Amino acid sequence: MQLLLDGFAAALTPVNLMYALIGVTLGTLVGVLPGIGPAMTVALLLPITFTVPPASAFIMFAGIYYGGMYGGSTTSILLNTPGESSSMITALEGNKMARRGRAAQALATAAIGSFVAGTIATALLVVAAPAVVSFAISFGPADYFALAILAFTAVSSVLSRSVVRGLASLGFGLVIGLIGIDQQTGQARLTLGLRQLLDGVDVVIVAVGLFALGEALYVASRLRHAAPEVVPVGRAWMGRSDWGRSWRPWLRGTALGFPFGALPGGGAEIPTFLSYAAEKRLARGVAREEYGKGAIEGVAGPEAANNASAAGTLVPLLTLGLPTSATAAIMLAAFQQYGLQPGPQLFDHNPALVWGMIASLFIGNAMLLVLNLPLAPLWARLLLIPRPYLYAGIVVFAALGVYALKASVVDLVVLFVLGLLGFAMRRFGLPVAPAVIGMILGPMAEIQLRRALAIGAGDVSVLVESWVSVVLLLLSGVALLTPLFRRLWARRAA
Amino acid sequence: MPSADSGKRPRWWRPELGLALVVLGLGVFVVVGTLDVSAAASQLGLGPRFFPMLVGGAMVLIGLFYVADVLRGGRGDPEESEDVDPDAPADWRSVGLVSGVFLGFAAVLDLLGWIISASLLFFGLSVVLGAAHRLRAAGIAVILAVTTYLLFVKGLGVTLPAGVLRGVI
């Protein structure tokens, strides 16, 4: 508790408050704008923040992450098509509410629900993190390797309807992660003889290529030529009955979102869907009649769930160094850029950084509520930016961010190749997140594997010596086989 | 990369097969490409070749399953996005033009400098993507290029090439 108070003291300095404000504003901006998301934004900011002290940088990154979750809901509600994958479910009821003239109430329940969920979930993070740390302190290399395997398999099998496509995406990431000099022996691997590849492919290039350029090419291939239909809206507000109908879904959404965010492969998609389904089942009276035509419960629950999952994601990221979403993976890369390794030791060695960041989440949440309730009409106007300018601008900033790394044209060509890959992955339904996670977690998995096998002097059984690693590896197997079971079940039911 | 259906392809050909074969090929490449990495460096434990072998082997396996899945008629769901019309036929001309504009930008960047190249990049892309007013697109392009240059070079100390405008700005 004292540590958290120290964290607040650190986060409340004017400089850090400014970084938090920049973070949540940028986050809301990229959340509202189609085509870019928090993962890519954090990646683009990596090189620029190199001169900023780590605590301030992470306060800003966390603000972007939370802000992205807020902004996504605005797009889902006001635009007639789903926005970020985490707010896809919100569009179902949210857009129908908006069309019935209840846009203000939909935006209000989303913003207030996000605030409530974000605050409760951050409090849960405060409680859960030290508990996980005290458990994980005894983890050996074999346990960390098993943990990475679980993250790989869970992310690949959950995010896509087809396991093989998820695994293919993961494989792309792992291969990209192999490029460059081997950290332990100094041997060059897969560099094609190019000097520029000796340092490996920078995470900025991978994230920007797969997300920004991939999206721009994909949009170019199938641009919707009709102008987007944005529902006009005034100031976000809601009445007494809306409050009465919203608070229970908020709490249920939080309860679903937090644990799923913390699980490898959980992400925001599953809890938002579960929350939507739960509210549908629990709907009584007016809500039951309205469900499918714009019920406020169907916005309140999923929006709370996706914000709570963002806080949940930070538990494994900070305590174990395990990213469970693309944005978390890039934040992990940011830690590495500062020479920090998230994990139990981080809480010991850098308590000021960790607790400052957690405290800033509470502050950022409050800022987001202020930014989103009265300013909703302003954010909505961003949706009217003509798409040719929007995507041309995204590509210009992508090129800028990548060129700024090393002033190398070779990097721009690598960026283009990765953009083509991102395009192909979108077109054929391969999820992008496993590739980003594989690229960043792959090299760490290799180090832990080699460390574990060195301890065992080449004996492979060290990998299953502790019960922790056995359980984790069994869970990985279950993650891979789940879709198969699901298919068998469906067949039996049919 | 998978190319457009040209109609001359055999009947079992599907664009997605191209991507599946890329996965398979990449697996083979990883295994073959790391054969020359010497393993003598480490006596105890594993050398730098072990993990690539694992990844490469897994990629080959995944590639085989992927090819089999595509041949058996499996399909991924194209990603949904705000500005994408999932039912529209793929517009390969636009994809080619976007690629051309981007690679052209990469080619002339060091020569012409950021301001001119980035202006051309923005203008080219917005026209390809269907900007209605060319003059307005050109105006935005120049403003964007100049402000980013001033902000990042003068403000944040990022290195961007001045090119032919060296000395002017």
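Residues are numbered from 1 along each chain as its sequence is written, and chains are lettered from A and ligands numbered from 1 in the order in which they are written. Because this is a predicted model, local features need pLDDT of at least 70 and side-chain atom pairs count only at pLDDT 80 or more, while totals for chains, interfaces and linings use all residues.

Me: What is the mean confidence of chain A, and how many of its residues reach 70 or more?
Reply: On pLDDT, the predictor's confidence in each residue from 0 to 100, chain A has a mean of 88, and 97% of its residues reach 70 or more. Confidence in chain A is lowest in helix H11 (residues 285–290), at a mean of 82, and highest in helix H7 (residues 163–178), at 94. Helices here are DSSP runs of H or I with at least four residues, and strands are runs of E with at least two, numbered from the N terminus.

Me: Why is Met69(A) called buried?
Reply: A residue is buried if 20 or more other C-beta atoms lie within 10 Å of its own, exposed if 12 or fewer, and partly exposed in between, with C-beta atoms placed from the backbone. Met69(A) has 29 other C-beta atoms within 10 Å, so it is buried. Its place is in helix H4 (residues 54–78) of chain A.

Me: Which residues does Met69(A) touch, beyond those up to four places away in sequence?
Reply: Contact requires that the C-beta atoms of two residues, placed from the backbone, lie within 7 Å. On that rule Met69(A) touches Gly31(A), Ser86(A), Ser114(A), Asn306(A), Asn307(A) and Ala310(A).

Me: Why is Leu190(A) called partly exposed?
Reply: Leu190(A) has 18 other C-beta atoms within 10 Å, so it is partly exposed. This residue lies in the loop between strand E2 (188–189) and H8 of chain A.

Me: What makes Ala407(A) partly exposed?
Reply: The count for Ala407(A) is 13 other C-beta atoms within 10 Å, and therefore it is partly exposed. Ala407(A) is found in the loop between H17 and H18 of chain A, and has a positive phi of about 50° although it is not a glycine.

Me: What makes a set of residues a nonpolar core?
Reply: The set must consist of buried Ala, Val, Leu, Ile, Met, Phe, Trp, Tyr and Cys residues joined through C-beta atoms within 7 Å. The largest such core has 215 residues, of which Ala207(A), Val208(A), Ile330(A), Val395(A) and Val436(A) touch the most other members. Its largest share, 19 residues, comes from helix H5 (residues 88–136) of chain A. The core also draws at least three residues from each of domain 1 (15–71) and domain 2 (92–165) of chain B; these bounds come from an automatic or database domain assignment.

Me: How far apart are the C-alpha centres of the two domains of chain B?
Reply: The centres of domain 1 and domain 2 of chain B lie 38 Å apart. Chain B has five helices and zero strands, and 34% of its 169 residues count as buried.

Me: How many residues of chain A are in contact with chain B?
Reply: There are 65 residues of chain A in contact with 67 residues of chain B. H17(A) gives the most to the side of chain A that touches chain B, with twelve residues.
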